[in-house]
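Hi,

Here is the model I promised to pass on. Have a look at it first, and my notes come after.

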Amino acid sequence: FASFERAAFDQAPSLLRQRVLAPLITRFGGATPAAELRELERLCEAMTALPRSTHTLGGVTISSGERYVRLWREVGRIARKPLRLEPGRPVLWDGRFLVAHTLSRDEAVTVSALGEGGYRAIAAAGLAVPACPARAAYALPAFRSGRDLLAVPQRGVEVSGGALMKAGSATRCTSVPAAQP
């Protein structure tokens with residue numbers, strides 16, 4: 001999730017706007033192909049014509065409001081099939097995060113997008129929900145065993161004794177730098 005002030009963006013020349021958006025879209029777009037120049041040009045034109053609007057490009061949602069422009073990964077563009085994890089073996093998930101775990105479980109541990117249900121479970125447990133738009137949080141990596149939510153390392157949440165709580169160190173999730181176009 002990224003956010004910047006709308007006023008500064010509006011005052012910048014079109015080329016600078018494109019140069020601001022391009023690496024952010026690449027960074028948050030995950031495994032989605034990078035946006036092309038003509039797509040960035042059209043996006044900047046649309047954001048100028050419709051100051052309060054939402055667009056998608058390169059696997060990223062771009063929400064443009066009166067005060068801020070916000071960008072986050074489109075949850076619908078993330079592979080739906082959970083990625084199986086082996087203990088202690090880091091794996092790149094969605095082209096954005098290096099994930100690993102050291103949990104000892106009888107059932108397989110997988111990683112997939114947190115989704116709306118996972119987000120609601122964290123909120124219902126009284127834990128701090130992410131300081132970002134809910135739809136941005138839906139795209140965070142979540143560790144699961146079967147249908148049970150085990151952890152959301154980016155939000156500092158793990159399950160212990162069947163209850164969601166502040167995370168320990170059994171799961172890891174590190175953002176990886178975006179490939180340079």
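Below is what I found, starting with how to read the model.

This is a predicted model, in which local features need pLDDT of at least 70 and side-chain atom pairs count only at pLDDT 80 or more, while totals for chains, interfaces and linings use all residues. Residues are numbered from 1 along each chain as its sequence is written, and side-chain values use heavy atoms, with hydrogens and water left out.

Five of the five residues in β9 are buried, so the strand is largely enclosed by the rest of the structure. (Buried means under 20% relative accessible area, exposed over 50%, and partly exposed in between, with a 1.4 Å probe and protein chains only.) Pro 141, Phe 143 and Ser 145 point one way from β9, and Ala 142 and Arg 144 point the other way.

What does β9 pair with? Strand β8 (residues 109-113) runs antiparallel to β9 and is joined to it by five bridges, with Val 111 having Phe 143 as its bridge partner. Strand β10 (residues 148-152) is also antiparallel to β9, through three bridges. (Two strands pair if DSSP finds at least two bridges between them.) Ser 145 stands opposite Asp 148. β9 and β10 make a hairpin with two residues between them, and Gly 146 in the turn has a positive phi of about 65°.

Now the helices. The axes of α2 (residues 14-28) and α3 (residues 37-49) come within 10 Å and cross at roughly 115°. That makes α2 roughly perpendicular to α3 (65 to 115 degrees; under 35 is roughly parallel, over 145 roughly antiparallel, the rest oblique). Axes are lines fitted to C-alpha atoms, for helices over the stretch in contact, and angles run from 0 to 180 degrees between N-to-C directions.

Within it, β3 (residues 60-64) and β4 (residues 68-73) share five bridges, and Ser 64 stands opposite Val 69.

Cheers

How values were computed. Helix = DSSP H or I, 4+ residues; strand = E, 2+ residues; numbered from the N terminus.
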